[in-house]
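Hi there,

Here is the structure I promised to pass along. My notes on it follow below.

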Amino acid sequence: MGKAGKGTGSFGKRRNKTHTLCRRCGSRSLHIQKGDCSSCGYPSARIRKYNWSKKAIGRKTTGTGRMRHLKEMPRRFKNGFREGEKAVSKKTAAASA
């Protein structure tokens, strides 16, 4: 195995996992002994983010996921957030005007 330094020979002895999957962000960043996530900061209520890393913020921010609710907002705003009624046909609106 080689000498007991930090180099190549000692890498064979590394077989314990320090981090496991985080239930909030899903990444393998939850420290098992400390119990906190190095990626999102779980179990802290606030999501971990730092302004000194703009790239990391961009990877996690709004628009990087599915946006199941937010992607329908522009269309609903355009129609005045109407619900439970039939849309006025553009043909009949143009003919009556």
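**Aromatic pairs**

Searching the whole structure turns up two aromatic pairs (rings of Phe, Tyr and Trp, the last by its six-membered ring, pair if their centres lie within 6.5 Å; planes under 30 degrees apart count as stacked, over 60 as edge-to-face and the rest as tilted). Y50 and W52 make a stacked pair, at 5.2 Å centre to centre with 15 degrees between the planes. The rings of F77 and F81 have centres 6.2 Å apart and planes at 70 degrees, so this pair is edge-to-face.

Before I go on: this is a predicted model, where local features need pLDDT of at least 70 and side-chain atom pairs count only at pLDDT 80 or more, while totals for chains, interfaces and linings use all residues. Residues are numbered from 1 along each chain as its sequence is written, and side-chain values use heavy atoms, with hydrogens and water left out.

As for accessibility (buried is under 20% relative accessible area, exposed over 50%, partly exposed in between, with a 1.4 Å probe and protein chains only), W52 is exposed at 69% and Y50 is partly exposed at 40%. F77 is exposed at 61%, and F81 is partly exposed at 40%.

**Backbone**

Most residues other than glycine have a negative phi, and most peptide bonds are trans. F81 has a positive phi of about 55 degrees although it is not a glycine, and M67, also not a glycine, has a positive phi of about 55 degrees. M67 is partly exposed, with 31% relative accessibility. The peptide bond from Y42 to P43 is cis, with omega near 15 degrees.

**A buried serine**

Is S29 buried or exposed? S29 is buried, because its relative accessible area is 12%. Leaving aside residues up to four places away in sequence, S29 touches H19, T20, D36, C37, S38 and S39 (contact means heavy atoms within 4.5 Å).

**A charge over a ring**

The charged end of R14 sits over the ring of F11, 4.2 Å from the ring centre (the criterion is NZ of Lys or CZ of Arg within 6 Å of the ring centre and within 35 degrees of the ring normal).

Happy to talk any of this through.

Best wishes
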